[in-house]
Amino acid sequence: MNFRGNRITRRDAISAVAGSALAVAIANRADADVHETIKLKTKGGDIELRPIKHATVLLSFKGKNYIIDPAQLPADANLPKADAILVTHEHGDHCDPSAVASLKKDGTVILANPRAGEILKAGVIVKNGETASVMDVKVEAVPAYNVVRSQYHPKGRDNGYILNVGGKRIYFAGDTENIPEMRNVKNIHIAFLPINLPYTMPPAEAAEAAKIIKPKMLIPYHQGPANPQEVADAL
């Protein structure tokens with residue numbers, strides 16, 4: 001979904017894929033600043049996910065607000081102060097010190113990969129393959145890198161994150177292509193996969209990644225000029 005000025009509506013957001021449990025959330029192209037909240041029930045309480053812009057997503061659970069990759073935020077984003085901020089890597093559309101400063105409060109936990117952690121003076125550093133507990137959420141740092149366009153995101157540097165929230169697993173892929181390690185990404189309820197060339201992967205490749213991961217819902221994000229409908233068509 002292209003979060004900049006676009007909205008997701010229930011009328012045209014969910015496209016079921018025949019013969020599978022996968023659904024694809026597709027943003028319409030209307031100019032609007034309203035983003036629908038995606039709700040997911042768990043035994044521990046409801047999860048609310050609100051896409052904000054580009055790769056920025058707000059996740060709320062048990063009264064706590066977790067913000068993933070806050071960067072270059074729109075003036076009218078109206079985001080709450082963050083209890084935790086998770087940053088995948090140091091590029092400015094993911095790691096934005098001014099955005100982080102605007103969202104911090106006393107006690108905010110900042111979790112990041114090593115380089116972004118240096119920039120943000122993060123309290124929790126995680127590398128590929130490591131885990132961390134942030135309040136009521138378990139975070140797994142998984143690989144995110146380019147195979148074809150490795151000059152943008154080399155292997156071993158950046159993170160994707162799997163958040164285990166109330167027993168539901170939510171995958172924020174970060175900036176990545178369809179990498180072999182995605183075969184180890186399992187039991188995902190919602191997957192956010194990027195579709196922005198040349199920095200990540202094209203829609204057809206994201207669709208192939210989704211076939212490997214098999215999430216219950218797929219949300220194309222980090223769009224750039226790409227059309228997320230192409231992901232649904234490829235599936």
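1. A polar contact, as the term is used in this note, is a pair of N or O atoms within 3.5 Å, where, within protein, one atom must be able to donate a hydrogen and the other to accept it. The model discussed here is predicted, and with that in mind the side chain of H153 can be described as making such a contact with the side chain of D175, at 2.9 Å.

2. A further polar contact joins the side chain of H153 to the side chain of N146, at 2.6 Å. H153 itself belongs to the loop that runs between β11 (137-144) and β12 (158-165).

3. Is H153 buried or exposed? Its relative accessible area is 1%, and because buried means under 20%, H153 counts as buried.

4. Turning to the aromatic residues, the structure holds two aromatic pairs. One of them is formed by F172 and F192, whose rings are stacked, with 4.8 Å from centre to centre and 15 degrees between the planes. Since F172 lies in strand β13 (residues 168-172) and F192 in strand β14 (residues 190-194), this pair ties together parts that are 20 residues apart in sequence.

5. F172 is buried, with a relative accessible area of 0%, and F192 likewise counts as buried, at 0% relative accessibility. Together with Y221, F172 and F192 make up one aromatic cluster.

Technical notes. Residues numbered from 1 in each chain as written. Predicted model: local features only at pLDDT ≥ 70, side-chain atom pairs only at ≥ 80, totals over all residues. Heavy atoms only, no water. Helix = DSSP H or I, 4+ residues; strand = E, 2+ residues; numbered from the N terminus. Buried < 20%, exposed > 50% of the residue type's maximum accessible area, 1.4 Å probe, protein only. Phe/Tyr/Trp six-rings, centres within 6.5 Å; stacked < 30°, edge-to-face > 60°.
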